[in-house]
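This report describes the overall dimensions, fold and nonpolar cores of the protein shown below.

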Amino acid sequence: MKTYSLSHRSVAQFKAIFTYREDGLLVSAVYPSDAPADILMGFIRCSKYKEQELLQMNDQQGLKVQIQNADLSFDNFWQLYAYKVGAKKKSEELWKKLSEDDRADAIKGIRKYDNYLRRTGIAKVYPERYIKYRRWEDEY
């Protein structure tokens with residue numbers, strides 16, 4: 001997945017965040033709640049575009065599209081996983097062996113995994129096992 005920030009040249013402090021799947025379809029959009037109505041409506045109109053269409057809009061109508069680099073660090077994973085038990089050092093070693101795409105998928109999978117655990121009442125696995133057994137790839 002790729003994430004982009006979208007801003008308008010005249011009011012650069014307001015940014016919308018768009019996340020696209022590999023096939024170019026929008027999967028999430030986050031809008032600034034404090035943006036003026038006309039800027040907010042402009043961002044909402046942009047949400048109908050596929051990834052390539054959004055990229056073509058860069059520098060048109062005062063829009064600026066920038067790719068966002070995801071934080072794929074182990075510290076970010078450890079913070080988001082929010083179950084700080086087990087061997088942190090071993091978890092970090094396993095994390096370093098993952099490709100960048102796998103790290104991104106592992107981080108994205110945390111929320112889906114947590115939702116599954118809430119629905120079923122199953123206990124959360126240690127972070128080391130989440131990484132080692134690639135739990136983000138399970139179907140929930």
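## Overall dimensions

The radius of gyration of the protein is 18 Å, whereas a compact globule of 140 residues would have one near 14 Å. The model is predicted. Along the principal axes, the C-alpha atoms fill a box of roughly 50 × 30 × 25 Å.

## Secondary structure and contacts

The protein contains six helices and four strands. Read from the N terminus, the order of elements is β-β-β-α-α-β-α-α-α-α. Among contacts with a separation of 6 or more, 53% join residues 24 or more positions apart.

In soluble globular proteins, nonpolar side chains tend to be buried together. The largest nonpolar core here has 17 residues, and those touching the most other members are F77, Y81, W95, Y113, Y130 and I131. Two or more residues each are given to this core by helix 3 (74–81), helix 4 (88–97), helix 5 (100–120) and helix 6 (127–132). Helix 5 supplies the largest share, with five residues. Apart from this core lies another, of 15 residues, including F14, I39, F43 and M57.

Leaving aside residues up to four places away in sequence, Y130 touches F77, Y81, A106, G109, I110, Y113, V125, R135 and W136.

## Burial, surface and charge

Of the 140 residues in the protein, 34% are buried. The accessible surface amounts to about 9,000 Å², and carbon and sulfur atoms account for 48% of that area. The protein carries 25 positive and 20 negative charges, whose mean positions lie 3 Å apart.

Technical notes. Residues are numbered from 1 along each chain as its sequence is written. This is a predicted model: local features need pLDDT of at least 70, side-chain atom pairs count only at pLDDT 80 or more; totals for chains, interfaces and linings use all residues. Side-chain values use heavy atoms; hydrogens and water are left out. A nonpolar core is a set of buried Ala, Val, Leu, Ile, Met, Phe, Trp, Tyr and Cys residues joined through side-chain atoms within 4.5 Å. Buried means under 20% relative accessible area, exposed over 50%, partly exposed in between (1.4 Å probe, protein chains only). Contact means heavy atoms within 4.5 Å. The radius of gyration is taken over C-alpha atoms; the globule rule is 2.2 Å times the number of residues to the power 0.38. Accessible areas come from the Shrake-Rupley method with a 1.4 Å probe; for residues, only the protein chains shown count as cover. Lys and Arg count as positive and Asp and Glu as negative; His and the chain ends are not counted. The place of a charge is taken as NZ of Lys, CZ of Arg, CG of Asp or CD of Glu.
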